[in-house]
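Welcome! Take a look at the model below, and then we will walk through a few of its details together.

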Amino acid sequence: MTTAIDLVSKPQHGGLVLGISAAAPGVGLTELGAQHGDLIRERVIEHGSALLSGFRWGDWPELDAFVNSVVGRPLDYTERSSPRTELHPGVFTATDHPPTEEIFLHTEQSYNLSVPRYLFFFCRQGAPEGGANTLSDCRALHDALPREIADRFDREGYLLVRNFLPGLGLSWQEAFGTKDREEVRAYCEANSIELEWLDEEHLRTKQVRWAVATHPTTGRRSWFNHMTFFHARTLREEVGEFLLEEYGPWGMPTNTFYADGSEIPDDIVAGLQQAYRDQQIEVTARTGDVLIVDNLSVAHGRESFVPPRELFVSMADALPWSQLRPVERTSAPAAGVAAPGE
């Protein structure tokens with residue numbers, strides 16, 4: 001006979017996070033998912049995120065089973081933009097980024113035509129100092145932006161330019177998970193990405209993507225894009241200045257522009273950065289905690305930290321952009337932008 005699990009829940013950070021724990025200790029994460037998977041999913045959608053504390057979990061299959069019971073099978077990590085190690089099908093290390101560096105707020109893989117709806121962060125070991133997960137309510141962010149800025153990006157989308165160069169960021173082989181150029185070409189063609197080989201190992205891609213999404217369950221509008229995260233001015237100042245001087249705005253590993261290819265003014269980028277900060281909260285995941293985020297509603301990032309810290313991530317429930325744009329019902333805005341001088 002299965003013992004019923006009684007839960008204790010408490011809204012945190014103005015309700016953006018729902019804290020969930022068991023009334024009695026010793027409950028396994030897989031047991032929790034089996035009994036309350038639907039409830040947890042509903043609460044994540046309602047609040048934007050949930051922090052689960054005090055539940056037992058161990059190896060990768062347990063994490064996989066929990067994700068399956070809440071939202072379905074974990075996803076692969078496609079069209080990569082950051083280094084990660086796959087530990088088990090659908091379970092990855094969180095971004096392998098230097099612990100001394102902050103990771104700016106972003107919505108996971110919003111530059112893909114198909115995006116993960118939910119993110120699961122499993123904390124195996126909390127950092128002795130720092131390392132908080134930063135969260136930002138993208139619904140409130142969208143509503144707070146000046147209308148002339150939000151409306152232009154809503155209508156037109158934005159342009160993401162990526163350059164894959166040896167020794168600078170991810171290689172094209174890592175990003176696309178193949179060494180076959182024909183496979184890269186086919187992927188880009190199927191995903192509305194323009195590609196150009198500038199030399200034997202230098203690949204440039206361009207993709208126009210939407211900036212505002214409508215949540216398919218709640219109907220709320222959300223600032224859902226990588227425009228600020230990938231912009232040259234969001235890098236640490238000295239790094240951004242060096243790369244801009246060395247490669248120019250169109251030669252950076254990543255950079256973003258207006259949809260027509262013109263540069264976004266620095267003051268608008270600074271305003272977007274501040275808009276994320278204005279909504280930012282910090283959630284410190286302790287050892288054993290699980291943080292679940294509705295990726296369509298809430299951006300996430302990371303503060304710097306003192307090692308050791310172990311955090312794993314799973315992504316689940318892919319949605320095409322066409323389901324997030326109820327008017328256009330298309331996964332991408334019009335493309336076909338050339339770099340200056342081309």
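A residue counts as buried under 20% relative accessible area, exposed over 50%, and partly exposed in between, using a 1.4 Å probe and protein chains only. This is a predicted model, in which local features need pLDDT of at least 70, side-chain atom pairs count only at pLDDT 80 or more, and totals for chains, interfaces and linings use all residues. Residues are numbered from 1 along each chain as its sequence is written, and side-chain values use heavy atoms, leaving out hydrogens and water.

**Getting to know R309**
- R309 has a relative accessible area of 19%, so this residue is buried.
- You can find R309 in the loop between strand 19 (305-306) and strand 20 (310-320); strands are DSSP runs of E with at least two residues, helices are runs of H or I with at least four, and both are numbered from the N terminus.
- Beyond its neighbours within four places in sequence, R309 is in contact with Q125, A127, G131, N133 and R302, where contact means heavy atoms within 4.5 Å.
- The R309 side chain also reaches the backbone oxygen of G131, at 3.1 Å.

**The cavity**
- A cavity is a set of points on a 1 Å grid, over the protein atoms alone, where a 1.4 Å probe fits but cannot get out; lining residues have an atom within 4 Å of a point.
- The largest cavity has a volume of about 50 Å³, which is the space filled by probe spheres set on the points.
- Among the residues that line the largest cavity are R309, G131, A127 and N133.

**Around helix 6**
- D180 caps the N-terminal end of helix 6 (residues 181-190), with a side-chain oxygen 2.8 Å from the backbone nitrogen of E182.
- Just after helix 6, S192 has a positive phi of about 55°.

Conventions. A polar contact is a pair of N or O atoms within 3.5 Å; within protein, one must be able to donate a hydrogen and the other to accept it, and residues adjacent in sequence count only if both atoms are side-chain atoms. On a 1 Å grid over the protein atoms alone, a cavity is a set of points where a 1.4 Å probe fits but cannot get out, and a pocket is an open set with protein on both sides within 12 Å along at least five of seven lines; lining residues have an atom within 4 Å of a point.
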